[in-house]
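Hi,

Here is the structure I promised to pass on. Have a look at it first, then read my notes below with the model open beside them.

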Amino acid sequence: MKPVSLYIVIPCYNEQDVLPITAPMFLQKIESLIAQGLCSEDSKVLFVNDGSRDNTWNIIRNLAKQNPKFSGITLSRNRGHQNALLAGLMHAKELCDVTISIDCDGQDDINAMDEMMRQFHDGCDVVYGVRSKRDTDTFFKRFTAESFYKFMKIMGAETVFNHADYRLMSKRALDGLAEFREVNLFLRGTVPLVGYKSTSVYYERNERIAGESHYPFSKMLNLALNGITSLSTKPLRYITSIGLIMAFISFLFIVWAIVARIAGHTVAGWTSIVGIMALIGGIQLFCLGIIGEYIGKIYSEVKQRPKYIIEATTDEE
């Protein structure tokens, strides 16, 4: 088995409560992978500080000073989970042969990394970590999460069901990902577009070890909207379909109105007129809102602002 260098990439935002607990777990795991011959001695754990307002960056710096297996970068400001993750992946791809991205909260089963590395050595460039079940979630969380993936599929965004951002990517896959220049990131949908041989590893997710979740329902909803409008034009096609249907209904209504007028059965129908106007107005505003989302995406892409700026790394200290 050819020795390869592995970087475990972990985005962090206000994780001062959980980081001291999970960091030793990641260190133990990478040492285990080295002992099994699945990765080389120069493998590391890379933390990405996403402009945290707490003591997260100082903790990362101290970890790097205590053990050379730890490394870290900090962004100039908070850029969001997807941008922070991309920053870590792009930084790591110049230093290693393969990366595994995982959240800092300890919910994803780190033991799945063993099988991920075996699949990589068997020739897979991308290995998705997929939840086998959601028994630890509340009914609301489970319903909204599964609806999220189903809705994304209906809207034409290609994703892996029950997969978040726990995945292995080879250097070749990372080079392919770097070719995608869009500013509006949705890595769960972009990575499948890279192609190359891929597979999935299934695991059970645990409760968050400490701290609070940074992905409430509102952020999940925003993530879904961003993913749909970034990866698919189906909503625009649905707007066209809605427009055709409404035009057909309006035509039937006009025919009915003409027939009623000829027959002399016309009656002042204020309620029906207001109802129809409100319905059509609501549909128009909804459609304009969707079109506005796409225009906003175009606006962001045309300006080509940087997705992230790395302020410092622990290697510089």
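**What I found**

Tyr 196 sits in the loop between α7 and β7 (198-203). Before going further, please keep in mind that this is a predicted model. Is Tyr 196 buried or exposed, or partly exposed? Its relative accessibility is 40%, so Tyr 196 counts as partly exposed, given that the partly exposed class lies between under 20% for buried and over 50% for exposed.

You'll find Asn 14 in the loop between β1 (6-12) and α1 (19-35).

Now follow the chain into α1 and look at how it meets helix α2 (residues 56-66). The general idea is that two packed helices are described by the angle between their axes and the distance between the axes. Here the axes of α1 and α2 come within 11 Å and cross at roughly 35 degrees, and the crossing is right-handed. Which residues meet there? From α1 they are Leu 19, Pro 20 and Ala 23, and from α2 they are Thr 56, Ile 59, Ile 60 and Leu 63. Sorted by class, this contact has six nonpolar residues, one polar and no charged ones.

Ile 60 turns up again in the contacts of Ser 71. Ser 71 belongs to strand β3 (residues 70-75), and it counts as buried because its relative accessible area is 2%. Setting aside neighbours within four places in sequence, Ser 71 is in contact with Lys 44, Val 45, Leu 46, Phe 47, Ile 60, Thr 314 and Asp 315.

Helix α3 (residues 81-92) is next. It has twelve residues and reaches 16 Å from its first C-alpha to its last, close to the 16 Å expected at 1.5 Å a residue. How many of its residues are buried? Eleven of the twelve, so α3 is mostly covered; among the buried ones are His 81, Leu 85, Gly 88 and Met 90.

Last stop: Arg 188, in helix α7 (residues 187-194). With a relative accessible area of 9%, Arg 188 is buried. Arg 188 and Tyr 166 are 22 residues apart in sequence, and their C-alpha atoms are 9.6 Å apart in space.

Enjoy exploring!

Conventions. Residues are numbered from 1 along each chain as its sequence is written. This is a predicted model: local features need pLDDT of at least 70, side-chain atom pairs count only at pLDDT 80 or more; totals for chains, interfaces and linings use all residues. Side-chain values use heavy atoms; hydrogens and water are left out. Helices (H or I, at least four residues) and strands (E, at least two) are DSSP runs, numbered from the N terminus. Buried means under 20% relative accessible area, exposed over 50%, partly exposed in between (1.4 Å probe, protein chains only). The expected span of a helix is 1.5 Å times one less than its number of residues. Contact means heavy atoms within 4.5 Å. Axes are lines fitted to C-alpha atoms, for helices over the stretch in contact, and angles run from 0 to 180 degrees between N-to-C directions. A crossing is left-handed if the near helix is turned anticlockwise from the far one by less than a right angle, and right-handed if clockwise. Ala, Val, Leu, Ile, Met, Phe, Trp, Tyr, Cys and Pro count as nonpolar, Asp, Glu, Lys and Arg as charged, and the others, Gly among them, as polar.
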